[in-house]
Amino acid sequence: MNATSPSYLKHHFLIAMPHMVDPNFAQALIYVVDHTSEGAMGLIVNRPSGLTLTDVLEQLRPDDPITGTSQQLDILTGGPVQTDRGFVLHPPGPQFQATLDLGSLGMTTSQDVLFAIADGHGPKQHLVALGYAGWEAGQLEAELVGNVWLSCPAQLDILFDLPFEQRLSAAAASLGVDLNLLSSQVGHA
């Protein structure tokens with residue numbers, strides 16, 4: 001019997017295959033925040049929600065005037081779980097009230113990061129999402145075996161430098177894959 005250690009996908013992208021029918025994940029690019037034997041958590045990084053930072057700040061600080069250009073920052077739909085909870089991905093370094101060090105990134109869940117971004121002294125690169133994607137133990141592994149996702153190491157330039165609509169194809173291209181040439185029919189060779 002050959003014992004192998006599990007391969008976890010923390011700091012990887014999940015690229016939805018063209019046959020993905022779940023509307024929560026069809027054409028999604030997900031940044032995997034954490035993946036262990038207990039499950040996985042990720043954020044969809046290519047789906048604007050229609051909300052901006054201004055919309056959120058009007059709820060959080062209704063009496064403060066909203067100025068500057070960062071308030072027009074698009075808020076992403078991070079996934080279908082806890083859609084009222086915010087997550088900010090940013091380069092490591094800045095620490096806020098609730099910042100988790102992910103190694104090559106930080107993730108903050110406290111409001112102070114939003115205020116810092118709005119006031120012009122937050123992290124220079126940032127991605128703000130409401131909600132997250134979650135998998136129970138073994139669920140993501142089963143989906144990978146079922147050809148639901150492609151995976152590749154995450155690239156910060158795709159996260160922070162590309163427009164939302166280019167992120168999915170850029171992540172696939174990093175694997176040498178053109179999603180437009182893949183069939184939407186699922187199968188196994």
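Predicted model: local features only at pLDDT ≥ 70, side-chain atom pairs only at ≥ 80, totals over all residues.
**Stop 1**

Select helix H1, residues 53-60, and helix H2, residues 111-118. Their axes come within 11 Å. They cross at roughly 120°, which makes H1 oblique to H2. The crossing of H1 past H2 is left-handed.

Now show the side chains. From H1, pick Leu53, Val56, Leu57 and Leu60. From H2, pick Gln111, Leu114, Phe115, Ile117 and Ala118. These are the residues through which H1 and H2 meet. Colour them by class: eight are nonpolar, one is polar and none is charged.

**Stop 2: the second largest pocket**

Keep Val56, Leu60 and Leu114 on screen. They belong to the H1 and H2 contact, and they are also among the residues closest to the centre of the second largest pocket.

How big is the second largest pocket? Its volume is about 210 Å³.

Next, select strand E6 (81-90) and strand E9 (127-136). Along with H1 and H2, each of these strands supplies at least two lining residues. E6 gives the largest share, with five residues. By class, the lining holds eight nonpolar, five polar and two charged residues.

**Stop 3: the largest pocket**

Move to Ala16, Gln27, Leu168, Leu179 and Asn180. Of the 13 residues lining the largest pocket, these are the closest to its centre. The volume here is about 260 Å³.

Which helix gives the most to this lining? Select H5, residues 164-173: it contributes four residues. Across the lining of the largest pocket, eight residues are nonpolar, four are polar and one is charged.

**Stop 4: alanine 137**

Return to E9 and follow the chain into the loop between E9 and helix H3 (139-145). Alanine 137 lies in that loop.

Along the chain, alanine 137 and glutamate 38 are 99 residues apart.

What else does alanine 137 touch? Set aside its neighbours within four places in sequence, and its contacts are Ser37, Glu38 and Gly39. Show those three residues together with alanine 137 to see the whole set.

Conventions. Residues numbered from 1 in each chain as written. Heavy atoms only, no water. Axes fitted to C-alpha atoms, helices over the stretch in contact; angles between N-to-C directions. Parallel < 35°, antiparallel > 145°, perpendicular 65-115°, else oblique. Left-handed = near helix turned anticlockwise from the far one by under 90°. Contact = heavy atoms within 4.5 Å. Nonpolar A, V, L, I, M, F, W, Y, C, P; charged D, E, K, R; others polar. 1 Å grid on protein atoms, 1.4 Å probe; cavity = no way out; pocket = protein on both sides within 12 Å on 5 of 7 lines; lining within 4 Å. Points joined across faces, edges and corners; volume = space filled by probe spheres on them.
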